[in-house]
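Hi,

Here is the structure I promised to pass on. Have a look at it first, and my notes follow below.

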Amino acid sequence: MIANTDSKTMIPSPSGEERWGASDYKKGQPRWCPGCGDHFFLASLHKAMAEVGVAPHKMAVISGIGCSSRLPYYVNTYAMQTIHGRAAAIATGAKVANPDLCVWQVSGDGDGLAIGGNHFIHAMRRNIDLNMILLNNRIYGLTKGQYSPTSPRGFVSKSSPYGTVEDPFRPAELCFGARGHFFARSVATDAAETQAILKAAYLHKGASVCEILQNCVIFNNGCYDPVYTKEGRSKNAIYVRHGEKLVFGPNSEYGLVQEGFGLKVVEIGKDGYTLDDVLVHDAHCEDNTLQLKLAMMSNEDGFPIALGVIRDVEAPTYDAAVHQQLAEVSAQKKYHSFAELLETNDTWEVK
């Protein structure tokens, strides 16, 4: 356990309450390759934590093993780097034991979806109140360049010199299939959007998954080139906003309309299509059909990549249900402490 207890500067608000700045959540010197997407994400996380306003000593950051899983060393909160693939299990225990703790779980695509895949889907199914961050660079970086569960078919790597013969996991599909209630996506270099979805994940009560598309400059450089720059995102991505039209393009000239059971990209004002034909995003809809279609769009299929909060639906949480059950069972018992238990049943005096 890494208990980060560095002294911090507290900025008093006019009301006398403590306010926190991004620097209050920073710790250490990150040891990632120059240009690694982890640097961009870490900066956004620090800022999001400050905007959320939860004190550092009321937060915990828990990770597994991998490049991204070094992140707990660089936050001035309670933190723990666990073993490979077990971040969700440890985070679950921490949240259930201390429901007032704000828990951020950080995993890479290998750590979270390969050896940790079982924990990932069951955290979704149980709907544990965790902020689950999936840093997806489609490669194993720490172990020097093997293909990961999200590497595309045909990907050439040190462990697949002739190209993989496997189809990849698609994190959104896995999350939705496990009955996930919150899924969002951003690009590591897009600080504003990353901070926005992190804050939305914090506000959501239940298991929230934020997929962060990030570049590995050493072993998978350029894997997200179409959306890694602001200009690229204006052409190849769509920012989804609850209650707003699904439009995109440098001048919002394109939109998404329904065609049969699928989606279609149209140019607004041409071929008879108007803005009225464009779909409106509903992140709160219980039926996840349209949300999943948005999450699964790809540039390879001629669609923009969806960024933002794609699904955000409230549902009972596992940790709250556990504590409610404990309270109900406890209320029916004649004893409420160990001392009362000893005095409840027959006693014997040994001489």
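Asp190 is buried, at 9% relative accessible area (buried is under 20%, exposed over 50%, partly exposed in between, with a 1.4 Å probe and protein chains only). Its salt-bridge partner is Arg233, at 3.4 Å from N to O (the cut-off being a Lys or Arg side-chain nitrogen within 4 Å of an Asp or Glu carboxyl oxygen). Arg233 sits in helix α7 and Asp190 in the loop between β8 and α6, so the pair ties together parts 43 residues apart in sequence. Arg233 is buried too, at 6%.

Bear in mind that this is a predicted model, where local features need pLDDT of at least 70 and side-chain atom pairs pLDDT 80 or more, while totals for chains, interfaces and linings use all residues. Numbering runs from 1 along each chain as its sequence is written, and side-chain values use heavy atoms, without hydrogens and water.

The structure has ten salt bridges. Another of them joins Glu193 and Arg241, with the closest N and O atoms 2.8 Å apart. Glu193 belongs to helix α6 and Arg241 to the loop between β10 and β11, 48 residues apart. Here Glu193 is buried at 6%, whereas Arg241 is partly exposed at 32%.

Then there's Glu51 with Lys199, at 2.3 Å from N to O. That pair links helix α1 to helix α6 across 148 residues (helices are DSSP runs of H or I, at least four residues; strands are E, at least two; both numbered from the N terminus). Glu51 is partly exposed at 46%, and so is Lys199 at 26%.

Cheers
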